[in-house]
Amino acid sequence: MTDIPSDPGRAPRTLPETKAFLNVKVLWVRHWNDRLFSFAVERPDSFRFRSGEFVMIGLDGDGEGAKPIMRAYSIASPHYAEELEFLSIKVEDGPLTSKLQLIQPGDEVYMGRKPTGTLVTDALVGGKRLFFFSTGTGLAPFLSLARDPDVYSMFDQVILVHSVRQVSDLAYHDELQARLADDPLVSDEAQAQFHYIPTVTREPFRTTGRIGDLIESAALFGDPVQGAKKLDPETDRIMLCGSMAMIRETAAMLDGIGFEEGSNAKAGTYVIERAFVD
């Protein structure tokens with residue numbers, strides 16, 4: 001993992017102002033490996049969001065008069081944070097990420113004016129256990145929710161499952177493994193209620209296998225997770241974010257055992273972020 005300082009030999013990059021998007025300054029950049037990086041931007045005073053929502057992030061397009069290149073990014077910061085944090089993949093020839101991975105503190109990026117999304121507690125009915133099932137950068141909205149005190153007042157247990165291919169893809173592993181011990185607002189609650197289950201599918205690790213395999217084998221429900229050794233639509237609530245294959249497979253399984261998908265219009269027992277799936 002590498003924190004990127006400003007390059008004193010390069011002036012910060014500014015972007016032309018637009019009516020559609022906000023210009024926000026990059027505060028820090030952290031590269032986890034050659035496939036993942038995090039960054040944070042300043043939070044405009046007027047910007048409000050619910051923990052778990054996403055917003056459009058981007059840069060200017062190539063060529064004169066080109067439209068900005070924008071993509072949806074889940075906000076990894078909780079709703080009260082003073083800065084906005086994001087987790088991104090790196091795609092060598094990606095229209096946006098090939099450039100975005102080169103940003104440095106002081107540079108500007110574009111940000112949408114209006115956050116939205118369904119990975120919010122408002123879209124769930126009450127329950128006892130809240131499971132976050134994520135793959136890859138699908139971890140981001142759950143970093144936001146896991147650091148939100150309101151979540152711990154709504155659920156007895158908060159269980160974050162993060163499935164990746166390689167061990168180095170486990171972004172935020174140390175912070176989550178420590179059960180958010182350094183978080184000023186939720187550290188006490190997290191020590192008692194938060195459980196982190198990282199799993200790796202292509203390298204040796206203490207937990208291996210896909211999320212569906214862990215559910216089916218009941219390996220997901222071992223100590224310290226308390227309660228039933230299976231998912232129960234009466235008491236469990238679930239959020240899904242990550243690969244389309246994981247979401248579709250898990251959602252089909254949940255539908256089959258009596259869970260109902262929720263939305264901002266009608267709360268349910270599980271939710272997915274449809275903006276990243278459809």
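Student: How many of the residues in this chain are buried, and what does that word stand for?

Tutor: Buried means under 20% relative accessible area, exposed means over 50%, and partly exposed is in between, using a 1.4 Å probe and protein chains only. In this chain, buried residues make up 51% of the 278 residues. Please keep in mind that this is a predicted model, where local features need pLDDT of at least 70 and side-chain atom pairs count only at pLDDT 80 or more, while totals for chains, interfaces and linings use all residues. Residues are numbered from 1 along each chain as its sequence is written, and side-chain values use heavy atoms, with hydrogens and water left out.

Student: Which residues could I look at to see buried, partly exposed and exposed?

Tutor: L143 counts as buried, at 3% relative accessibility. R30 is partly exposed, because its relative accessibility is 22%. A192 is exposed, with a relative accessible area of 59%. L143 is in helix α2, R30 is in strand β2 (residues 21-31), and A192 lies in helix α5 (residues 187-193).

Student: What counts as a helix or a strand, and how many does the chain have?

Tutor: Both are DSSP runs, numbered from the N terminus: helices are H or I with at least four residues, and strands are E with at least two. Here the secondary structure comes to seven helices and 12 strands. The radius of gyration of the chain is 19 Å, close to the 19 Å that the globule rule gives for 278 residues, so the chain is as compact as a globular protein of that length. That radius is taken over C-alpha atoms, and the rule is 2.2 Å times the number of residues to the power 0.38. Along the principal axes, the C-alpha atoms fill a box of roughly 55 × 40 × 35 Å.

Student: How do I read contacts between residues that are apart in sequence?

Tutor: Contact means heavy atoms within 4.5 Å. Among contacts between residues at least 6 apart in sequence, 73% join residues at least 24 apart. L143 gives you a case: leaving out residues up to four places away in sequence, L143 touches A76, Y172 and L176. L143 and A76 are 67 residues apart in sequence, and their C-alpha atoms are 5.2 Å apart in space. For R30 and L87, 57 residues apart along the chain, the C-alpha separation is 9.4 Å.

Student: What is a nonpolar core, and which residues have the most contacts inside the largest one?

Tutor: In soluble globular proteins, nonpolar side chains tend to be buried together. A nonpolar core is a set of buried Ala, Val, Leu, Ile, Met, Phe, Trp, Tyr and Cys residues joined through side-chain atoms within 4.5 Å. The largest core here has 35 residues, and those with the most contacts inside it are F132, L176, F194 and M239. Two or more residues each come from β8 (129-135), α2 (140-146), α3 (149-154), β9, β10 (194-200) and β11. The largest share, five residues, comes from α2. A second, separate core of 26 residues includes V29, F47, I75 and L100. Back in the chain's contacts, the residues that F194 touches include L160, L176 and R179, not counting those up to four places away in sequence.
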